[in-house]
Amino acid sequence: MGTRDTVKAILDMTGEAPKPLDLSHVFVHVKPKPPACEHDFQGWREFEDGTGGEQVCTKCGMGAMDHTLSLDF
């Protein structure tokens, strides 16, 4: 079924033409990234399960392992 056939079928069923799709709300929640942290991995935190710990950034709290995994090699 082509576009014309689809519009005709909608007209036949509803008596009115289909309304254009409004996508303006899709882009409302897009926000720019905050400035990147200049990480200072001098902190330390223990894992909750007691299996060790990791260095953390004293400025933003990001773990060093999470930071390493987020790098795009």
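How many helices and how many strands are there in the chain? With the whole chain of this predicted model displayed, two helices and two strands can be located. Followed along the sequence, these elements are arranged in the pattern α-β-β-α.

Of its 73 residues, 11% are buried. The accessible surface amounts to about 6700 Å², and carbon and sulfur atoms account for 59% of that area. Of the contacts between residues at least 6 apart in sequence, 4% link residues at least 24 apart.

Next, select residues 43-46, which form strand β1, together with residues 53-56, which form strand β2. The two strands run antiparallel and are joined by four bridges.

Now centre the view on Glu54, a residue of strand β2. Its bridge partner is Arg45. Is Glu54 buried or exposed? Glu54 has a relative accessibility of 10% and therefore counts as buried, since the cut-off for burial is under 20%.

To see what surrounds Glu54, show the residues it touches beyond four places away in sequence: Gly43, Trp44, Arg45, Phe47, Gly63, Ala64, Met65 and Asp66. Which backbone atom does the side chain of Glu54 reach? Select Met65 and display its backbone nitrogen, which lies 3.2 Å from the Glu54 side chain.

Notes:
Residues numbered from 1 in each chain as written. Predicted model: local features only at pLDDT ≥ 70, side-chain atom pairs only at ≥ 80, totals over all residues. Heavy atoms only, no water. Buried < 20%, exposed > 50% of the residue type's maximum accessible area, 1.4 Å probe, protein only. Polar contact = N/O pair within 3.5 Å; in protein donor to acceptor, adjacent residues only side chain to side chain. Contact = heavy atoms within 4.5 Å. Pairing = 2+ DSSP bridges. Areas by Shrake-Rupley, 256 points an atom, 1.4 Å probe, with all protein chains shown as cover.
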